[in-house]
Amino acid sequence: MIDTKRARVYVEQLAGYKAFIPNPLPPIPKLCIDDEMWELLSQADRALGRLDGSTDALPNPDLFVFMYVRKEAVLSSQIEGTQASLIDVLEFESRTVEPDNPQDVTEVVNYIAAINHGLK
């Protein structure tokens, strides 16, 4: 049986929602790193190495990140129910859209700003 309280607790907030509060590190009991875990870690390390190496083949990695951040913001915002598309966001950012832009686009653009702030 999995101990569901090992990694976290939910704490009721004044506003009525529950917040995820992770337990402090290191975990108790300690992690058991067996042969299977070492193999999984090794696979993850190799995959990260391949990803890092693939950036050498990109003509402009900054443009790739620029577009990836926007796509991620659109997809994440759609989970929350927004209707903005990637085209809507790019048109808004290029200032070719009318001033009465949909509220959803503004929400996605704010999400992009938050991601960029986190990346800095």
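Trainee: How are the residues numbered, and what limits apply to the predicted model?
Mentor: Residues are numbered from 1 along each chain as its sequence is written, and side-chain values use heavy atoms, with hydrogens and water left out. In this predicted model, local features need pLDDT of at least 70, side-chain atom pairs count only at pLDDT 80 or more, and totals for chains, interfaces and linings use all residues.

Trainee: What pattern does the protein follow along the sequence?
Mentor: Helices (H or I, at least four residues) and strands (E, at least two) are DSSP runs, numbered from the N terminus. The protein has 4 helices and 2 strands. Read along the sequence, the pattern is β-β-α-α-α-α.

Trainee: In which sense do E1 and E2 pair, and over how many bridges?
Mentor: Strands pair if DSSP finds at least two bridges between them. E1 covers residues 8-12 and E2 residues 18-22. Their pairing is antiparallel, over 5 bridges.

Trainee: Which residue in the turn of the hairpin has a positive phi?
Mentor: E1 and E2 form a hairpin with 5 residues between them. The positive phi, about 105 degrees, belongs to Gly-16.

Trainee: Which residue in E2 is the bridge partner of Val-9?
Mentor: The strands E1 and E2 pair in the antiparallel sense. In E2, the bridge partner of Val-9 is Ile-21.

Trainee: How are H3 and H4 oriented to each other?
Mentor: Axes are lines fitted to C-alpha atoms, for helices over the stretch in contact, and angles run from 0 to 180 degrees between N-to-C directions. The axes of H3 (residues 86-93) and H4 (residues 103-119) come within 10 Å and cross at roughly 80 degrees. Angles under 35 degrees count as roughly parallel, over 145 as roughly antiparallel, 65 to 115 as roughly perpendicular and the rest as oblique. H3 and H4 are therefore roughly perpendicular.

Trainee: Which residues of H4 make the contact with H3?
Mentor: Contact means heavy atoms within 4.5 Å. H3 contributes Asp-88, Val-89, Phe-92 and Glu-93. From H4 come Val-105, Val-108, Val-109 and Ile-112.

Trainee: Is Thr-82 buried or exposed?
Mentor: Thr-82 is found in the loop between H2 (61-79) and H3. Buried means under 20% relative accessible area, exposed over 50%, and partly exposed in between (1.4 Å probe, protein chains only). With a relative accessible area of 5%, Thr-82 is buried.

Trainee: Which backbone atoms does the side chain of Thr-82 reach?
Mentor: At 3.3 Å, the side chain of Thr-82 reaches the backbone nitrogen of Gln-78. At 3.0 Å, the side chain of Thr-82 reaches the backbone oxygen of Ser-77.

Conventions. A polar contact is a pair of N or O atoms within 3.5 Å; within protein, one must be able to donate a hydrogen and the other to accept it, and residues adjacent in sequence count only if both atoms are side-chain atoms.
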